[in-house]
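Take a look at the model below.

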Amino acid sequence: MAEEGKRLEFELDDEDLKLFSEEAAEQIEVLDVALVQLEADADDELLQRIFRAAHTLKGSSAAIGHKKMASLTHAMESVLDALRQRRLRPSSEVVDALLNALDALRVLANEVVTRQDSGIETQSLEEELLALLENAGEEPANAGPGHGDGADFGFAAQARADIAAHRASGKSILAVSVRIRDDSPLPGIRCFQVLQELDAAGTVVATDPPRQVIEAGEADYVVRAVVAATLPPAQLQAALADISEVAGAEVREIGEDEPLGAPAPASEPRPLRPGAAPSAGEPGNAASASRRAGAGSIRIDVERLDGLMNLVGELVIDRARLIRIKDQLAAVLSGSELAELAENLEETTAHLGRITDELQDAIMRTRMLPIRSVLARLPRIVRDVATRSGKKVELVTAGEETELDRSVIEVITDPLVHILRNAVDHGIETPEERRRAGKPETGTVTVTAWNQEASIYISVKDDGRGLDFEAIRAKAVERGLVSAEAAAAAPPDEVLQYIFLPGLSTAKQVSDVSGRGVGLDIVRTNIERLNGSISVHSERGKGTEFIIQLPLTLATTKALMVVARGIVYAIPLVSVTETLPVRGADIHSVGGRRLLRLRDALLPVLELAAALGDRRPAVAEPAYIVAAQHAGRQVALLVDHVLGEQDVVVKSLGELLGARPGIGGATILGDGTLGLIVDTPSLVGGAARESRETQLARVA
Amino acid sequence: MPKVLIVDDAAFMRMRTSKLLMEAGYEVIQAENGLEAIQKYREARPDAVLLDITMPEMDGLTALKEIKAIDANAKVAMLTALGQQQIVLEAVKAGAKDFLVKPADAERVLAAVAKLCGR
């Protein structure tokens with residue numbers, strides 16, 4: 001029996017480990033997506049893809065001596081093989097068993113990284129899988145794909161004219177069928193070797209899969225072809241059988257009167273590795289185009305890209321320094337004979353600036369990844385939640401090709417999953433309710449991603465019951481978040497914003513009343529901390545749509561640079577609403593607190609440096625006010641002066657200073673000193689906690 | 001006795017494969033990288049080459065092309081790790097006769113070498 005925490009040894013070095021983990025993660029992802037699709041539509045291609053993924057995992061785990069993983073994948077493979085051959089139907093029982101095994105596979109694959117026994121129990125999973133096989137078998141054993149050796153040469157029908165011409169010139173027409181061993185690690189390349197051999201033997205008239213698929217190394221385990229050649233069939237057969245890992249080769253001459261079989265169904269090549277999830281609105285060509293481009297692309301280690309990004313960050317900082325030096329030099333040299341030198345420097349600095357911008361932009365682009373990997377995880381989540389809550393839900397995703405920065409991909413998943421769960425759990429009605437409302441029993445949740453300017457947008461839209469505005473109003477008043485009058489007077493748009501208020505949606509029963517779940521305030525805070533935003537639209541009985549907006553990258557941000565007590569702070573521009581001089585501002589003292597009246601709103605006034613924990617005495621009277629907002633609430637920040645806008649490279653404070661409330665990170669300034677990046681959400685939150693009454697000053 | 005040139009920067013893999021082939025009656029020559037492989041190929045004209053893909057100095061694919069330039073009939077099998085499919089495909093297009101995915105079991109290594117040597 002496994003001993004948890006025990007050290008495990010595997011037969012692989014660090015480089016292999018990386019490849020192993022990458023590949024394992026990839027194949028597990030494929031399984032995760034494809035297994036869920038299985039219930040809905042178990043076409044041959046899908047089954048083949050799933051089988052291959054399990055097969056690859058089995059092969060690589062066996063190669064490194066991970067017996068437990070190899071044994072579990074073997075059991076999965078047996079079930080998948082039965083599915084592939086139609087001896088077993090993909091019932092939800094079967095899919096459940098496979099998904100459970102997949103969850104265990106994840107843990108087992110991770111053992112290779114940690115080299116510690118996770119203690120996970122796989123025996124019962126294997127038994128469960130094998131039990132499925134025992135119950136199978138009664139159904140007709142229909143030859144699955146990959147077993148049709150030598151059967152139908154219909155794919156060659158289109159080449160009939162060529163075949164006749166070759167025959168006329170005295171060549172014999174050979175039907176070739178080659179199968180690669182099931183356990184061959186790179187069957188696609190073996191298929192290519194088969195093609196090479198056929199090309200050497202004569203003229204290849206037609207192949208299945210099509211030639212370009214084989215040449216791309218993307219064929220499966222079987223190649224069939226029609227070849228015009230002068231050599232005897234037995235000789236070609238021997239040559240083919242001599243290729244490593246060929247399980248069987250069949251070559252026979254096709255007689256003149258022999259039909260080739262039915263014409264191939266449409267000449268379109270089968271999708272090789274179809275897109276991850278069922279997608280709506282995705283232009284079919286985009287996916288295949290990107291696959292074709294795959295041959296000309298390389299994998300780059302993420303760490304290297306991060307390194308490049310850091311280097312460019314340094315360049316950006318140096319550029320800012322150079323500009324300062326140039327200004328100083330120009331001032332000193334103004335009017336002297338060396339003034340020309342300063343001009344020279346100015347031109348060079350400007351050029352360097354442009355190049356740095358372009359370089360930064362180019363590297364930013366290389367860090368971009370399609371959102372596909374995030375969206376691919378969603379079907380599984382929807383299935384799980386729907387099963388648990390007794391809903392019928394179809395997930396539609398679109399915009400898989402939308403690109404965003406790695407750093408954003410890492411943080412987008414949690415809020416997205418949160419909202420998606422809520423949509424299924426609370427948005428979509430039970431099949432019965434839906435029937436009564438005259439809707440189809442199966443609800444639809446649509447997740448769409450798109451780019452617009454420097455942002456990525458993700459919409460999660462359901463066709464469920466919509467939000468209950470009256471319930472939200474009542475709950476907000478009951479929780480003391482708004483006054484009864486304010487709630488009654490608030491237009492629907494504003495009422496919708498209540499669902500993001502802390503305290504409203506944390507109560508469990510609210511989800512039953514309002515139809516929406518837990519902790520949306522936290523989702524909003526997390527998104528806004530990343531300089532993004534979230535909005536919601538809802539119509540009673542029709543459904544709800546959440547739209548998340550995030551910047552394309554988190555590596556740099558636009559900020560307003562200000563000085564407070566001699567220290568430079570960067571306030572992210574997304575949170576800044578306006579700046580104004582202190583002189584002439586309408587500041588009142590109410591109950592010992594200072595409030596700024598700005599148009600219709602009352603903003604709590606904070607001295608920025610003091611609010612961030614700077615205990616030193618002020619050197620000068622603050623001369624400017626920066627109004628900053630978060631979650632619809634504003635604060636007025638007093639600063640000494642405003643320096644201007646700037647792109648800053650965000651560095652984590654990390655071990656340097658440790659976490660400090662109100663500070664979200666640091667950036668190196670033009671003069672080499674550290675500038676602190678202000679975390680507006682926590683400043684606004686703090687101000688709100690300090691003065692409950694200012695909540696009334698909420699600005700919609 | 002057929003001569004086999006084993007090219008791999010990983011000393012352990014090189015030794016393991018050498019031992020296997022010597023026990024099976026082959027004469028074995030070793031090289032640590034692509035440059036050394038080309039030099040040894042010129043000198044010894046081996047009957048078969050097992051050529052690792054990822055190596056310092058000169059990678060396997062470049063070495064393969066150089067060896068094929070010296071001897072168009074050179075019989076080369078690539079040694080590849082998981083996930084190098086595109087490079088392997090390129091190598092086969094560039095004239096590699098066969099390939100072995102590491103870690104390959106003894107049976108596969110011996111079968112591939114026997115085929116390369118025409119045994």
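Helices (H or I, at least four residues) and strands (E, at least two) are DSSP runs, numbered from the N terminus. By that rule, chain B has 5 helices and 5 strands. Read from the N terminus, its elements run β-α-β-α-β-α-β-α-β-α.

This is a predicted model: local features need pLDDT of at least 70, side-chain atom pairs count only at pLDDT 80 or more, and totals for chains, interfaces and linings use all residues. Residues are numbered from 1 along each chain as its sequence is written, chains are lettered from A and ligands numbered from 1 in the order in which they are written, and side-chain values use heavy atoms, with hydrogens and water left out.

**Chain B.** Buried means under 20% relative accessible area, exposed over 50%, and partly exposed in between (1.4 Å probe, protein chains only). Chain B has 119 residues, and 54% of them count as buried. Contact means heavy atoms within 4.5 Å. Take the contacts in chain B between residues at least 6 apart in sequence: 62% join residues at least 24 apart.

**Where the chains meet.** Buried area is the accessible area (1.4 Å probe) that two parts lose on being put together, summed over both. A salt bridge is a side-chain nitrogen of Lys or Arg within 4 Å of a carboxyl oxygen of Asp or Glu.

| Interface of chain B and chain A | Value |
|---|---|
| Residues from chain B | 19 residues |
| Residues from chain A | 24 residues |
| Buried area | about 2,000 Å² |
| Share of buried area from carbon and sulfur atoms | 54% |
| Salt bridges | 3 salt bridges |

B:Arg108 forms a salt bridge with A:Glu245. Their closest N and O atoms are 2.4 Å apart. On chain B, the elements giving two or more residues to the side that touches chain A are helix H4 (85–93), strand E5 (98–101) and helix H5 (106–116). H4(B) gives the most, with 6 residues.

**The cores.** A nonpolar core is a set of buried Ala, Val, Leu, Ile, Met, Phe, Trp, Tyr and Cys residues joined through side-chain atoms within 4.5 Å. The largest has 54 residues. Those with the most contacts inside it are A:Val176, A:Leu198, A:Leu236, A:Leu240, B:Leu51 and B:Met78. Helix H7 (residues 187–201) of chain A gives the largest share of this core, 7 residues. Leaving aside neighbours within four places in sequence, A:Leu198 is in contact with residues including A:Val204, A:Ala225 and A:Val227. A second, separate core has 52 residues, among them A:Ile381 and A:Tyr498.
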